[in-house]
Amino acid sequence: MRALVVEELLPDYAGVRVKDIPLPEPGPGDVRVKIRAAAVNFPDLMQTRGEHQHKPALPFIGGMEMAGEVDAVGEGVTTFKPGDEVCAGGRGVFAEYAIFPAAALRLKPKRLSFAQAAGYPVAYLTAYVALKRCADAQPGEWVLVHGAAGGVGLAAVDYAKVLGCKVIAASASDEKLAVIQREYDVDAVVNVTGGFRERVKELTGGRGADVIYDPVGGDIFDESTRCIAFGGRILSIGFTSGRLPTLPVNIALIKGFSVHGVRAGEYGRQFPEKGRENNEAIWKLAEEGAVNPRVDREYALDDWREAYETLARRKVVGKTIIRPDL
């Protein structure tokens, strides 16, 4: 089979290439899946340079979210059969086939395409843990979502509307904001270029946003502390700006807000029962058609570099997908 293999940790993806490797055989309790779609995430890019906290041993196959069809099952597997449409988070999915424990798979919601299902769990689990578990966002509250055109940002926009919140989508691109405003029921959009705090205060009647969802960090975090409501919650999702911000605690004291660090996967590991509830909740939303995961574009495996670059250059509205079956 063909797979996208990271052989060396080098800049500009120089240690990455598509190569032929042996087709894996499922062991007892395992399922082999023919990958129909795999989502590209920022950690996939970082891992090619060894810059992510998770550092797989070399060589390794990239990718952590997929949807596909069951191709073969190992001894003892009765929950799935060949032809079943499934999805899962895992490792090594930028390939034509991958092996998963049967317990890690779930049937793909019929309402979602393979591409939508592949890009769903990481983004929507992050949004759910952040907005529901950490912020306890309430109907009618103002939620400011930074990086709103990215995968985790757009999921937060989508899920915040499910919660009945008033949503301000923020980005540095008017073109991306126009897409979000056209396809999602946001209450306002804000271009952060040149500053955004006064516009957020204006939209919220001078109070500021009750919840701020921040996957960007850097200057965006700094200015967010200036337009957060008293008693508000800033959700720190990541640092795609490349700068880790610092918070003078006197600002939090005076303005009475809190900062929540959000690691959705770790939340589930620390609180296993809540983690199971979180996963069931997001997949129920998908099965009911309550959310609208957006796929920006799909790429063949040989076009992986272009797929990576769309993320690196912030050209995406939603999720970028690699299709090994193209």
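Is the crossing of H3 and H10 left-handed or right-handed?

Guide: The crossing of H3 and H10 is right-handed. In general, a crossing is called left-handed if the near helix is turned anticlockwise from the far one by less than a right angle, and right-handed if clockwise. The model is predicted, and local features need a pLDDT of at least 70, side-chain atom pairs count only at pLDDT 80 or more, and totals for chains, interfaces and linings use all residues. Residues are numbered from 1 along each chain as its sequence is written, and side-chain values use heavy atoms, with hydrogens and water left out.

The names of the elements come from DSSP runs, numbered from the N terminus: helices are H or I runs of at least four residues, and strands are E runs of at least two. Two packed helices are described by the angle between their axes and the distance between the axes. For H3 (residues 121-134) and H10, the angle is about 115° and the axes are 10 Å apart. Here axes are lines fitted to C-alpha atoms, for helices over the stretch in contact, and angles run from 0 to 180 degrees between N-to-C directions.

The contact of H3 with H10 is made of eight nonpolar, two polar and three charged residues. In this grouping Ala, Val, Leu, Ile, Met, Phe, Trp, Tyr, Cys and Pro count as nonpolar, Asp, Glu, Lys and Arg as charged, and the others, Gly among them, as polar.

The bridge joins Arg106 and Glu280 at 3.6 Å, N to O. Arg106 is in strand S8 (residues 106-107) and Glu280 in H10 (residues 272-288), so parts 174 residues apart in sequence are tied together. Glu280 is partly exposed at 47% relative accessibility; buried means under 20% relative accessible area, exposed over 50%, and partly exposed in between, with a 1.4 Å probe and protein chains only. By the salt-bridge rule, the count comes to 29.

From H3 the view passes to a sheet. H3 lies across strand S9 (142-145), strand S12 (209-214), S13 and S14, running at about 150° to S12. The open sheet has six strands in the order S11-S10-S9-S12-S13-S14, with parallel pairing; two strands pair if DSSP finds at least two bridges between them. At its edges are strand S11 (188-191) and strand S14 (258-261), each of which pairs on one side only. On average, neighbouring strands of this sheet are turned by 20° against each other, direction ignored. Strand S13 (residues 228-236) and S14 run parallel and are joined by four bridges, and Leu235 stands opposite His260 in S14.

A second open sheet has three strands in the order S2-S1-S4, and here the pairing is antiparallel. S2 and strand S4 (60-61) stand at the edges with a single partner strand each, so one side of each lacks a neighbour in the sheet. S1 and S2 are paired over five bridges, with Leu4 opposite Val18 in S2.

Arg17 and Glu7 form a salt bridge whose closest N and O atoms are 2.8 Å apart. Arg17 belongs to strand S2 (residues 16-20), while Glu7 is in the loop between strand S1 (2-6) and S2. Both are partly exposed, Arg17 at 42% and Glu7 at 29%.

Most residues other than glycine have a negative phi, and most peptide bonds are trans. Asp12, in the loop between S1 and S2, has a positive phi of about 55°, and Tyr13, in the loop between S1 and S2, also has a positive phi of about 55°. Asp12 is exposed, at 52%, whereas Tyr13 is buried, at 4%. A cis peptide bond, with omega about -15°, joins Leu58 and Pro59, and Pro59 is placed in the loop between H1 and S4.

Terms used. Salt bridge = Lys/Arg side-chain N within 4 Å of Asp/Glu carboxyl O. Contact = heavy atoms within 4.5 Å.
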